[in-house]
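Subject: Structure handover

Hi,

Here is the structure I promised to pass on. Please load it first, then read the notes below.

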Amino acid sequence: MATLDETPAAKRWLPLEANPDVMNQFLWGLGVPDTEAECYDVYGFDQELLEMVPKPVLAVLFLYPITSQSEEERMLQANEIKEPHGKVYFMKQTVGNACGTIGLLHAVANITSEIKLNDGSFLDKFYKSTASMDPLERARYLENDREMEVAHSIAATAGETEASDNVNTHFICFTCVDGVLYELDGRKTGPISHGASSPSTLLQDAAKVIQGMIQKNPDSLDFNVIALSKKSC
């Protein structure tokens with residue numbers, strides 16, 4: 001839902017709930033046609049549970065707790081991240097608690113070849129406006145975008161839990177670009193490659209990485225996995 005601020009003076013939004021219904025209304029309102037894609041809960045990592053998720057899966061969102069272990073790993077990864085693949089859309093996060101929105105922006109931006117956005121919609125204009133920007137420029141553009149801030153606020157207050165900006169969980173996105181599984185986390189310096197993947201194995205490949213992250217934080221239950229799947233014709 002949220003993230004720790006990078007700077008004390010950073011703008012803060014209310015966190016987005018890990019709720020497929022909330023995310024669907026948010027995406028559909030911003031320009032993803034409801035006939036194109038939809039978010040679904042992933043209830044577990046057993047093969048039977050993964051098979052229950054509608055296919056094809058286009059992206060995976062993962063909510064996890066920010067802990068000392070996760071922060072230590074983030075700092076270590078900063079030295080290993082290479083220049084982003086030219087076709088990977090990636091943006092930094094400069095707004096506190098905006099990670100849910102940024103996770104969805106990462107998800108949709110990297111699947112525009114699979115879904116058609118409504119012409120002239122917010123997302124259509126956002127991606128066209130930020131296409132040539134670097135990750136930090138995209139972050140600043142979002143930070144100053146009043147339309148997105150209002151849309152996020154409406155979505156954040158539409159969940160089942162009372163909205164509060166005092167949380168310590170964080171959303172990231174997994175997607176497949178040119179046969180590679182990428183982890184997209186706006187708090188990190190760039191996309192993280194997790195090896196070969198494919199559209200047909202994206203959910204299983206992401207699940208393996210997510211399971212490894214969960215195992216590093218055995219004392220926490222603050223995890224949630226949501227798949228963004230293409231709607232069947």
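Start with N97. Its side chain reaches the backbone oxygen of W13 at 2.7 Å. That sits inside the polar-contact limit (a pair of N or O atoms within 3.5 Å; within protein, one must be able to donate a hydrogen and the other to accept it, and residues adjacent in sequence count only if both atoms are side-chain atoms). N97 lies in the loop between α3 (68-77) and α4 (99-109). Helices (H or I, at least four residues) and strands (E, at least two) are DSSP runs, numbered from the N terminus. N97 counts as buried, at 0% relative accessibility. Buried means under 20% relative accessible area, exposed over 50%, partly exposed in between (1.4 Å probe, protein chains only).

Ground rules: this is a predicted model, where local features need pLDDT of at least 70 and side-chain atom pairs count only at pLDDT 80 or more, while totals for chains, interfaces and linings use all residues. Residues are numbered from 1 along each chain as its sequence is written, and side-chain values use heavy atoms, with hydrogens and water left out.

Aromatics

The whole structure holds six aromatic pairs. The rings of F122 and F126 are stacked, because their centres are 5.7 Å apart and their planes at 25°. The criteria: rings of Phe, Tyr and Trp (its six-membered ring) pair if their centres lie within 6.5 Å; planes under 30 degrees apart count as stacked, over 60 as edge-to-face and the rest as tilted. Both residues sit in helix α5 (residues 122-130), four residues apart, about one turn of the helix. Both F122 and F126 are buried.

F126 also pairs with Y141. Here the centres are 5.5 Å apart and the planes at 70°, so the pair is edge-to-face. F126 belongs to α5 and Y141 to α6 (residues 135-143), so this pair ties together parts 15 residues apart in sequence. F126 has 1% relative accessibility. Y141 is partly exposed, at 30%.

Y89, F122, F126, Y127 and Y141 make up one aromatic cluster. R138 lies over the face of Y89, 4.0 Å from the ring centre. The test for that: NZ of Lys or CZ of Arg within 6 Å of the ring centre and within 35 degrees of the ring normal.

Largest pocket

How many residues line the largest pocket? The lining has 16, and N110, I111, S113, E114 and C176 lie nearest the centre. A pocket is an open set of points on a 1 Å grid over the protein atoms alone, where a 1.4 Å probe fits, with protein on both sides within 12 Å along at least five of seven lines; lining residues have an atom within 4 Å of a point. The volume is about 310 Å³, counted as the space filled by probe spheres set on the points. Strands β2 (57-65) and β3 (169-177) are the elements that give two or more residues to the lining. The lining divides into nine nonpolar, three polar and four charged residues. Ala, Val, Leu, Ile, Met, Phe, Trp, Tyr, Cys and Pro count as nonpolar, Asp, Glu, Lys and Arg as charged, and the others, Gly among them, as polar.

E114 lies in the loop between α4 and α5 and is partly exposed, at 41%.

Best wishes
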